[in-house]
Amino acid sequence: MTTEQILAEIAAVRSQIEVLREERACLSVSVTLPENDSPQAIAEAYRRYARENSQLVAELKGIDDAIAALEVQLMQKQAQLKQRQIQAKQLSLEEQLEEARKIAQVHAERMNELAAELATEIRSLKACADELSPLYWQVYYKPFITGFKTISVPYVRSDGDVWTIVNRIV
């Protein structure tokens, strides 16, 4: 059952409840209460009215029962609609999550590509430094470049659910 169908059913139930309430208002009971407002006198007045107008009272009771049953059905339909909306929201969240993961995957792949390029450039620079260092020492009495042992580049890896950014030493 779709959300639209549930909404249509809710509207139909509400409409029927309203019709029954209007009908009940037209059949209103007008009990003449005694001047003595004791609980026993009031109860006796309503009982006498019910005996004298049994068909009307039975019809009112039927309308009240129908309204009560329809209100229960209305609550069930509203709960069903709420559950449907929660499920739709969860699907929407899952779709958003999947879309965000795809975007993150693109960035992670690009980062790993750049890390590979950077590692290649660092290795090339180290090769140049290895060539130049002996001559540089002879001319300037100091090293050309230092710190190659601690150079690292970031790299993204995943175990399926969790992604980790690690530093790879070049």
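Begin by selecting arginine 110 and glutamate 113, which form a salt bridge with closest N and O atoms 3.6 Å apart. The model on display is predicted. Arginine 110 and glutamate 113 are 3 residues apart in helix H3, a separation of about one helical turn. Arginine 110 is partly exposed at 43% relative accessibility, and glutamate 113 is partly exposed at 44%.

Select next aspartate 65 and lysine 61, another salt bridge, in which the closest N and O atoms are 2.8 Å apart. Both residues belong to helix H3 and are 4 residues apart, about one turn of the helix. Aspartate 65 is partly exposed, with 38% relative accessible area; lysine 61 is partly exposed at 48%.

Proceed to glutamate 9 and lysine 77, whose closest N and O atoms are 2.4 Å apart in a salt bridge. Glutamate 9 lies in helix H1 and lysine 77 in helix H3, so this pair ties together parts 68 residues apart in sequence. Glutamate 9 is partly exposed at 27% relative accessibility, whereas lysine 77 is buried at 14%. The model contains 7 salt bridges by the rule applied.

Now display helix H1, residues 3–26. Its end C-alpha atoms are 35 Å apart, which agrees with the 34 Å that 24 residues should span. Select Ile6, Ile10, Val13, Ile17 and Leu20, the buried residues of H1; these pack against H3.

Leucine 132 is in helix H3, residues 54–140, and is partly exposed at 39% relative accessible area.

Finally, select cysteine 26, which is exposed at 69%, and cysteine 128, which is partly exposed at 44%. The disulfide count is 0.

Technical notes
Residues numbered from 1 in each chain as written. Predicted model: local features only at pLDDT ≥ 70, side-chain atom pairs only at ≥ 80, totals over all residues. Heavy atoms only, no water. Disulfide = S-S within 2.5 Å. Buried < 20%, exposed > 50% of the residue type's maximum accessible area, 1.4 Å probe, protein only. Helix = DSSP H or I, 4+ residues; strand = E, 2+ residues; numbered from the N terminus. Expected span 1.5 Å × (residues − 1). Contact = heavy atoms within 4.5 Å. Salt bridge = Lys/Arg side-chain N within 4 Å of Asp/Glu carboxyl O.
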